[in-house]
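Good morning, colleagues. Please look at the chain on the screen while I take you through its layout.

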Amino acid sequence: MPKQRSESVNDKCALCSKATGDNWLACEICGDWHHAKCLQLSEEAYKVLQNLDSCHWFCKPCNEKVGKMIPTLVGLQERIATTEKTVSKLENDMEKTNGQIIKIKSDVGKTSNDLNAFKSEMDKHLTKTNFENRINKLELEFQKLSSDVKHTLIALTSDGVLKIGQIRRSVSC
Ligand SMILES: [Zn+2]
Ligand SMILES: [Zn+2]
């Protein structure tokens, strides 16, 4: 319902610039006062406007602005709806990406476990190889030693046989 003009209001009519007269209408956007007569509004139409609770009145310049604002508002609403869709899609994508990251992390963890198991297996193998190498080395040393002993024994024996021969010869002479 357009506001009623009280006695304390001395604003001039935006159309005829007079402050006196009856049947005033104030624009609900700019607040400017207008004579119903200057708006070419009949007495009956003015009364209907005054008595309708859901009735709003805007002056001509404000009405034009409102007319331009409505398509802008509709456009904004559409943009908001599109943005909301995009945001919910992004949220979905982010959830999926998070899931993938968690899977990759667990895969990396598994691979790291496998690597550790492989490493400890390699370590065991390497230790075994080292041990085998040492045994081989010892065997070689032992073979060398036993062949040395054998040679020494042969030398000693042949030396002994020679000496016994000499002794026999000197005795029989
Ligand atoms: Zn007027
Ligand atoms: Zn206005």
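Predicted model: local features only at pLDDT ≥ 70, side-chain atom pairs only at ≥ 80, totals over all residues.

How many helices and strands are there in the protein chain? The chain has 2 helices and 2 strands, and along the sequence they follow the pattern β-β-α-α.

Let me turn to confidence. The average pLDDT over the protein chain is 87, and 98% of the residues score at least 70. Among the elements, strand β2, residues 33–35, has the highest confidence, with a mean of 95. Helix α2, which covers residues 60–172, has the lowest, with a mean of 86.

Next, the overall dimensions. Along the principal axes, the C-alpha atoms fill a box of roughly 180 × 25 × 25 Å. Between the C-alpha atoms of Met69 and Ile104 the separation is 51 Å, and the two residues are 35 apart along the chain.

What share of the 173 residues is buried? The figure is 5%. Met69 itself is exposed, because 11 other C-beta atoms lie within 10 Å, and the cut-off for an exposed residue is 12 or fewer.

As for contacts, consider those between residues at least 6 apart in sequence. Of these, 43% join residues at least 24 apart.

Ser17 sits in the segment before β1, which spans residues 24–26. Although Ser17 is not a glycine, its phi is positive, at about 65°. Is Ser17 buried or exposed? Ser17 is exposed, because its count of other C-beta atoms within 10 Å is 8.

The second detail concerns Gln40, in the loop between β2 and α1, the latter being residues 43–51. Gln40 is likewise a residue other than glycine with a positive phi, here near 55°. Why does Gln40 count as exposed? Gln40 does so because it has 9 C-beta neighbours inside 10 Å.

Positive phi values occur at Ser17 and at Gln40. Thank you for your attention.

Definitions and conventions. Residues numbered from 1 in each chain as written. Chains lettered and ligands numbered in written order. pLDDT = per-residue confidence, 0-100. Helix = DSSP H or I, 4+ residues; strand = E, 2+ residues; numbered from the N terminus. Buried ≥ 20, exposed ≤ 12 C-beta atoms within 10 Å, placed from the backbone. Contact = placed C-beta atoms within 7 Å.
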